[in-house]
Every structure is written in C-alpha cells, then in structure tokens.
Amino acid sequence: MQFHHHGYVKGDPRILPAAGIGLDRPAELPAEMDVLIVGTGPAGVLLGAQLSMYPEVHTRIIERREGRLELGQADGLQARSIETFQAFGFAERLLQEAYRITEMQFWRPDPADRSRIYRAEATLDSAGVEGSTLSEFPHVICNQARVQDYFCEYMANSPSRMSPDFGWELLGLEVEDGETHPVKATLRRTAGPDAGTERVVRAKYAVGCDGARSVVRKSIGGQLLGDSRNHAWGVMDVLVDTDFPDIRTKCAIQSEAGSILLIPREGNALCRIYVDMGDISPEDHGKVRETPLERIVEIAQSIFHPYRLEVRDVAWWSIYEVGQRLTDTFDDVKPEERGTVEPRVFIAGDACHTHSAKAGQGMNVSMQDTFNLGWKLGSVLTGRSPESLLDTYSVERQVVAQKLIDFDREWSTLMGAKVLDPEHPELGGVDPKEVTAHYLKSEVQASGFGTHYEPSMITESGEHQHLASGYPIGKRFWSAPVVRVCDAVPMELGHHMRADGRWRLYAFAGREAPGQGGAIEAWAQWVRTSPESPYVRTRREGDDAGSVFDVKVVWQQDHDAIEPHDVDDVFRPRFGPFQLRDDELVYAADPKDDIFERRGVSRDGCVVVVRPDMFVATVLPLDRPELLAEFFDGVLLPADPQHDPAVEIEPRPGALQQARAKVSAEA
C-alpha cells in the first residue's frame, strides 16, 4: 500500500483524499448524474466501488431497502472472486472471517444397507493450496451481506465519497435520444416521512443490478429466456446438534431419500443445507413454495439417516424451483443496431442470468459482470476511450453467462437425479460416481477461471502467445512470485494490481542485465518518449506519468544485481505533488520460484498487456514496440495534442511549497 507521497498521512491510509464529486457530493439524490446504478447486490456494489475511483464521474446507486442488507442469501466465493477482492484491497480481511473449503466429501447409499448413507470418497479443493493449478487464493464461504459491506466501505473511503441512496425504488426508465442525460428514470420513495412520493432523475447511463425481476430489464424490453426443471429444493441456514461426522466439511450427500448439498458457514457454527424436494408437477404453479419449514427439516433428517440431525435455530430458509434462464442481450442495443447505436442502459447479475444456487456461481459471476463493465464506463465518461468500448460488455459477458447456464444445468440435474441402484439398474438413476467426476471435470469453470474472452478491440488473437504461454490471451492474469528490487520483499506480482481503471504493462526483460542495453531498454525508451507511444499520447497535462498505464518490469537477474539508476525512468516514474520516484514497479525473478519458468515466459522477454479487469489483452515482443501503439490506437483516445507529455516532468514551480503548506494546514 502506497501513501505519504502527498504528505504525511496521520490516519487510516485506506481513506483516500476527497476529490472531484467527493469534495461536495450532494447528500440528496440529485436530478442529474453520470451513472445510475439500480440495486445494491454484489453486482451493484462492485460497480459502485469501481466507479467511485473516478471522482470526475458522478455515480449514484439506489436501493429500495431502507438500509444495508443484514442477511444475505448467497455465500460461496470462488477463488476468482478473492483475486478480485485483492484488487479492491480487502481480500485479506474477508479471508479472516470466512470459512475455507479444503475438500469435498461425497456420501452415498451404503451398499450393505441402502437406507443408510456412508462416506464414499473425497476430493481436494485445489484452489489456494501449494502448487495449485488454479489460484493462490482459496475457495471460501462468507455471508453476502459482509461482501457488500466491504464494497460499501471501499466506496465511502474513495475520492468520490460514495454511498448508496437507500429507500428509492425504480418504477421504470426510458431513453430519450438527443438529451445530454438521455436516461429518464422514474423513482418512488420507499422509506422516510416522504415515502410514496415519486420523482424523475436523469443519467447518461443506467445499470440494472436489480435481480431476477429486474425493472431495468423489463424497461428495455429484455426477456429471461429458458425453462424450469420442475424440480424444487429447500435451503436453510441453521444451527444444528448432530452426530454427522462431516458437519463442518462441504458434502454432496446422495441417498435413497433424496440429496443434500451441505455447506458449512463462517463462524464455526452455522451451516447451509440444500435439501432435495423432488420433482414437481408443471401445474404446481409455485405451490411447492408453501411447503413449511418443518417438512424441509423432516426430509433432511431422512436423508442424513442413520445420523441424527436436530435443528436448534434457523437464521433463514426458502424454497426455490430449479431453472436456467438467460436474456437475449445485456444492454439496450438491438442486434441489428450494434455498432451504430451507443448503449445507454445495461443489466448485470440476476437481471440477465438466473440458475440454481448449488454450483456457487451466482454472486461470483454477477460481480465479474460489473467488473467487466465498470472500467469501461469510467474510461468512456472520462474521455479516455471511445463509446464503442461499451459494446464489448454485452458481447463478452453473454458468452460467459451461457457457459454458466450450461454448467449449472448439468450439475443441478446430476445433484437432483435419483441414485442408481446397481442391483436394479432397470429402475434408472445416476451413478453417484458421475457426480464426483463432473465436479472434478468442472473445477476450472466453477472456480471462475473458465472465462476466455474472444478477440475484440480490447483482446487480440494469439499471434505472439508463444512468448508467454502461461498467460493465455483472453484469460485472467495469474499472479506468480517475484522479488521487489527496492526492498527485497518477496511478493506476488499480481497482488500489486488495483481496481483503479488503469491498464497494466508487464515488461519481462530479456537476458541482458539493467544498463546493458538490449530490447528491454529500447522498448522502455520508446514507451517513455515516442510520440506514437500510447503512454505518451494519452497523458494529459498535470497527470502523473502512471495515470493511464501501470508499467512494471521483471528482470531475470537476482534482485541484488540490479541497481535502480540502471533502470529506465518509465519503470521509476515521478508522481504526486513532490514528484517522488515510484520504486515499487521494478521486480526480479524469485530464484526459488522463477516466474519465467512458471508462466512460460520467453527468455528473450516480452510484454504482457493486461486490461483493468485483470484479463490478458495481448502478448507482444519487446523488439516491436509499434505493435503496442497499434493495439491501443482503437482503445484509448489521445490527450490534448497541444501538450507534449514526452518531456520528463520536473516538480512544477511552487509545487513543493504548495504541498508543504497543505501538510502544515492539515497538521
């Protein structure tokens, strides 16, 4: 964490100085704003947190409840989500309170007595273990409400000083072309002395994160298309007294009486139990939802036989029907108008894809929807990128959602199927071993790492993929150990990445050491000085050198063989009012775990370009820097052509005195 560079920080460094809209943020919901977010679920609060780092963008997030969520329904957090939380700065804190999944036990009917269940086999959860093929972060369980709390805290501490506007319900919206704020939203007050009053607000863009019954989706004519599986499950968060030995281990239980998915909850006492309620008639029309809690408990007790299950307290429970549905678009642009009409309204999360809860995907995929969208909105609204960038949201995320639906359909079908009796195969059913096999086969998809974006304006094809085979283009950037040169601290390279809307350029040096020339030094000088360089072209007057690009270098030599003065200034830029050097961008390979070996990076070096949402955009050779310019020509707009940012910025006249005065005034 970097702080003090704007002067001594006396308090919590996570509370950033107010700027932009945060200097005088209206307490009441204004008549006009840049972005209106509807809903404070996981998708909504992540989007709010991302946009809160753009203080020049006025974002508001409304919620019909009168206060924070107290009891969340989602709980599973895949490793990809924890990687994302790391970028927002609260992964470590959340992990301290979360329940960590290390293995999954599979229970089946006992061959000797099929009325009883027995522990058949176990699988390790490969996320977060040494030598993991997925991530250095684990798979955990934590209350959705706490996740939302962390994002709201992040918003409040941001330069925008953002916080949700509770007690507002969206009644409908429409887009009126030709207006500076074309999205017209009609709202109704749901709390306070003015409850029931209506008003109209306008925005440049609106995002519906308002759930499966989304008003935003309906307002733009979107439809959830799909079907119901005519199968019901009960779910309850309970405190239990039991002699079941794996009550604190994630379990898939298949018995003659039905199936259960058991998920221990955080806090070492609570557990979530998904109870198979069986098939329901197509004419049921939701009557199954009237099933009393006592009946769910009875079914659970029969499935746990011969073990005892006594429910002492119920924190929350519900009944839902399994179904998989997906919208035909994630924004308000018709397919035939794509590329000619700018999207103004977007939907995310349950507003555009619904499915069962047993695969632990809902909250995770929803947050990735808005992590994809947030930086794109921020970049367009700040004039950094063309409006065409917004078209990539629906194109990219609809493919991901379809894969989610396909995966959930397979998994929920297997979990809800009748168990095959080997002695009576004519009765039909699913071999329980198929459940285990599918779980293992689908681990990459389930953990959030199956996303692979196709080539587009922000994701290239794989012409130079061979230069970094461990960083597949279109997939998330996977961290690896390195040593920071300035202080010899071993760390994960990707953990320095922040959700600040910047692009990352990871320059992997060739065999030459610093000061010995070679492609890395020529590349660095071109990036820093060439008029064609996107680093130069996008830099606005008064901006710090790294305001658009976070440029890092990784050398092959040991850290103690690298002298800072031999490293090009693009990797040690000046920043802040004192124009200090940023020395935390220079790394060396860890001799105990060489990143070049682990990630298949060429010893001749290369550049890995990473999007603000942590996905690899392209891999390029060091000796062809013009390819970097070609890639960003269509992605980032040039700054003021009258300004020449290639000249090294020295402390501006009076800047030192101004900064000192600011510190003295605060003291």
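**Entry 1**

I began with Arg146, which is partly exposed at a relative accessible area of 28%; I take buried as under 20% relative accessible area, exposed as over 50%, and partly exposed as in between, with a 1.4 Å probe and protein chains only. Before going on I noted that this is a predicted model, in which local features need pLDDT of at least 70 and side-chain atom pairs count only at pLDDT 80 or more, while totals for chains, interfaces and linings use all residues. Residues are numbered from 1 along each chain as its sequence is written, and side-chain values use heavy atoms, with hydrogens and water left out.

Which residue forms a salt bridge with Arg146? I found Glu97, with the closest N and O atoms 2.9 Å apart, where a salt bridge is a side-chain nitrogen of Lys or Arg within 4 Å of a carboxyl oxygen of Asp or Glu. This pair links distant parts of the chain, 49 residues apart, with Glu97 in helix H3 (residues 91-97) and Arg146 in helix H4 (residues 144-156). Helices (H or I, at least four residues) and strands (E, at least two) are DSSP runs numbered from the N terminus. Glu97 is also partly exposed, with a relative accessible area of 27%.

In helix H4 I also looked up Gln148, which counts as buried because its relative accessibility is 5%. Its C-alpha atom is separated by 15 Å from that of Ile37, 111 residues away along the chain.

**Entry 2: other salt bridges**

I searched the whole structure and recorded 51 salt bridges. One of them joins the side chains of Arg188 and Glu169 at 3.3 Å, N to O; the pair links distant parts of the chain, Arg188 lying in strand E10 (residues 183-189) and Glu169 in strand E9 (residues 168-175), 19 residues apart.

Next I checked Asp369 and Arg397, whose side chains meet in a salt bridge at 2.8 Å, N to O. They sit 28 residues apart in distant parts of the chain, Asp369 in helix H7 (residues 362-381) and Arg397 in helix H8 (residues 391-416), and both Asp369 and Arg397 are buried. I also noted one network, in which salt bridges that share partners join Asp75, Asp237, Arg265, Glu266 and Arg272.

**Entry 3: strand E1 and its partners**

For strand E1 (residues 32-38), I found 6 of the 7 residues buried, so the strand is largely enclosed by the rest of the structure. E1 pairs in the parallel sense with strand E11 (residues 198-208) over 6 bridges, two strands being paired if DSSP finds at least two bridges between them. It also runs parallel to strand E2 (residues 59-63), to which 4 bridges join it. Where does Val38 of E1 find its partners? In E11 its bridge partner is Gly208, and in E2 it stands opposite Ile62. The chain crosses from E1 through helix H1 (residues 42-51) to E2, and this β-α-β crossover is right-handed, which means that, with the strands pointing away from the viewer, the path from the first strand over the helix to the second runs clockwise.

**Entry 4: the sheet of 7 strands**

I then followed an open sheet of 7 strands with mixed pairing, in the order E20-E19-E25-E22-E21-E26-E27. Its edge strands are E20 (489-492) and E27 (616-620), each of which pairs on one side only. The twist averages 30 degrees from one strand to the next; the axes are lines fitted to C-alpha atoms (for helices over the stretch in contact), with angles running from 0 to 180 degrees between N-to-C directions. Within the sheet, strands E21 (residues 503-508) and E22 (residues 549-555) run parallel and are joined by 6 bridges, with Ala507 having Val553 in E22 as its bridge partner.

I looked up the UniProt record as well: an unreviewed entry annotates residues 451-638 as "domain: Phenol hydroxylase-like C-terminal dimerisation". UniProt positions are given in the numbering used here, feature names are shortened, and annotations may be inferred rather than shown by experiment. In the model, the end C-alpha atoms of residues 451-638 lie 31 Å apart, and the span is 14% helix and 21% strand.

**Entry 5: the whole chain**

I counted 15 helices and 27 strands in the chain, and buried residues make up 57% of its 667 residues. The C-alpha atoms fill a box of roughly 80 × 60 × 55 Å along the principal axes.
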